[in-house]
Amino acid sequence: MQTDPTVTPEEDRAIEAAFRDVLNGYLASNHRKKVEIIERAYKFAQEAHAGVRRRSGEPYILHPIAVAKIAQQEIGLGSTSICAALLHDVVEDTDYTVEDIERNFGPKIAQLVEGLTKISGGIFGDKASAQAENFRKLLLTMSEDIRVVLIKMADRLHNMRTLGSMAPNKQYKIAGETLYIYAPLAHRLGLFAIKTELEDLSFKYEHPRAWADIKEKIKETEAKRQAVYTDFSAPIRAKLDTMGLHYESKARLKSCYSIWRKMEAKHIPFEEVYDLYAVRIVFDCDDPAREKQICWNIYAAITDLYRLHPERTRDWISVPKANGYQALHLTVMGPDGNWIEVQIRSRRMDEIAEKGFAAHWKYKIGEGEEESELNVWLRTIKDILENPEPSAIDFLDTLKLNLFASEIVVFTPRGELITLPAESTVLDMAFTLHTELGLHCIAGKVNHKLVPLNQQLRSGDQVEVLTSNTQKPQAEWMDFLKTAKAKSRLRAALRRERQPVIARGQELIAQYLKKNRLPASSTTNQRLLERTGMGSYEDLRYAVGAGTVTLDDDWAETIRMGVIPGEKSILRSILRNTIKVATLGMAGKNTENEASAEKKAEDADGDEASRERPKVNTKEVYTLKYEDGHPNFKIADCCCPIPGDEVLGFVDDNNEVVVHAMACPRALVLKAGYGPRIVQTRWAVSAGKFLAHVRVEGLDRHGILQEIIAVVSTQMDIDLRRLDIEATGEVFHSDMWVRVEDVAIVNDLCSKLLTVDGVERAARIQ
Ligand code: MN
């Protein structure tokens, strides 16, 4: 029965044969015999990839089958991995989802397929190589299950074996990536044969000419090499036979890649690479305890026959290589006068060396903790794979490779990798990319699904940040942010957001006090706090400014008199309830209307300015004055000059004159960079009222604030727009913003303030 009508009967037979090969290999292994699910996975993949062919022209399904075969026969994995390998490209390349896989094959296989899809998606974008180090980390991080990495290795090996049918520009890139990432990882995982093959295939595509040259020279020298080998090995064989050993002896040629590496490293031509091949002797031995002795017996037999190179004996048995490799190596002088390396191994040692999962996963000290943690896991996995008991396989499922549990790695839509602390959210990601993205983030898309801001991310997630100009930073975000950077940026933004509201609250409080003829004193403040139940004066100003607390004129009397202690709590609870239902009082409403009216006027003014304002003549002296009730200038908010200050005008893009203090650092920059747009100015006799910032400092005492305000409001009749005050111990600092006509009035105010008992300093701040 043919699943895919687009394949020829011959192809169909080839596909079936390839799959049977996988199945037979599996049945011959020690694994449980879960044939049914493997057959279903095969049918599912076949149906999903139906009608699709690889670039080479062969039906696509042959690729997953080949990957499954590598996973099973060259890595030694079981049914779960075989199924995942068969299905590994289904989610990425077809309409099926991970959920479909889960429904049909259960959560474990679905997880593996999801992991494999994540490694593929986004990673092989243009930035993959540049981020290779990250990628290597990602592979390890995201692989909650090491099998994801192992199957990926099989996938890559098959892609490398069939790389010839890819476009040349892709060949080069994939080859580089393989050499840089996959081969070292294979080495680390103990997949020695796969590592060597990956290296050689990469070399072939990265340096095709060097590869072809070496290949050619190997061929040319083969007959001679064979003759030398026969000459060399005959006496050894004779001797080993008399020792009664069961063994195999063969000449093992170095890989093209390692020959090339040697040529490059030593700057020598092919002809001078004397150790082109090694002679390998593999003996059978049932008793591991005797292996070492036999190795040394063979060593003795060979050194009886040939001259030993004194410095080239390597005992990897007593001290195995870091990656678990065991063997006894020696180098002797061959019959043609060249040095020949001989490798002596037991069958067990040979299998470990060739097939991977070497016995000893002890890495060099100093390679870092990641390595040693990885080793612990790999040792466990190796044990399980060597002795696949059903219970042990289940155990593998429950093992999670949480090597970098404290970190996750996610992608941007463009495939860039971002490392975040574990449990980071969409909002953390937004702040990591850019503070503005964070502050305006409204939601995210994780793997193309819309999710809320507080969605936690997992390694391998592709994350898109959605923003809106109307979004504002929220205090509640603090609860789910994970990264320190995001938290500090949010904190700063919230403070900035609160500032105007606090100022407005301050103003409303001042108006309230004035209206009800209450003294502006710390006692009043304390009573206001008691009345409103607010925790701090800043909170009170914020609440009043935001309109969540409205000051009631009816409270004035009790605030003036203070509250009898016994009544406090009752009164406060009554007041709190009042506040809850309170609507905006008259003061609040008026201010709001005023504010919006001001805003409208501003907007209208702006439009007018850009359309109708006559061009400023920078050659003349410009008079700063009111025309039709509007100023013909703008006050720069960096230095806030007022009449009496030495100023200059800067003609902005809207042809408006922006007035800066002569000493303003910004004005200096403008003068240097925009000379022709600077206009000389003079203040008209009455140019209006301007905001000036006055700082008053001194020693705190009861009633001092009231006296200061009395100076400003009563004595000088100056409009106080904003007042901030802070007392630290005995000292207070106060910042006030007053509306004044010119510098002379501010100076007058300051000198009067200095007469208030306790005021040490009163000066305008620019
Ligand atoms: Mn694939």
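I count a disulfide as a pair of cysteine sulfur atoms within 2.5 Å. My search of the whole structure turned up 0 disulfides.

Ground rules: this is a predicted model, where local features need pLDDT of at least 70, side-chain atom pairs count only at pLDDT 80 or more, and totals for chains, interfaces and linings use all residues. Residues are numbered from 1 along each chain as its sequence is written, and side-chain values use heavy atoms, with hydrogens and water left out.

C295 is buried at 0% relative accessibility, while C638 is partly exposed at 42%.

Helix 13 covers residues 222-242. I found a kink of about 35° at S233, shortly before P235; the bend is the angle between axes fitted to the seven residues ending there and the seven starting there. Buried residues in this helix include R225, F232 and L240. Just after the helix, G244 has a positive phi of about 75°.

Sheet: I see an open sheet of 5 strands, order 1-2-5-4-3, mixed pairing (strands pair if DSSP finds at least two bridges between them). Strand 1 and strand 3 are its edge strands, each pairing on one side only. Strands 3 and 4 run antiparallel, joined by 2 bridges.

Technical notes: Helix = DSSP H or I, 4+ residues; strand = E, 2+ residues; numbered from the N terminus. Expected span 1.5 Å × (residues − 1). Buried < 20%, exposed > 50% of the residue type's maximum accessible area, 1.4 Å probe, protein only.
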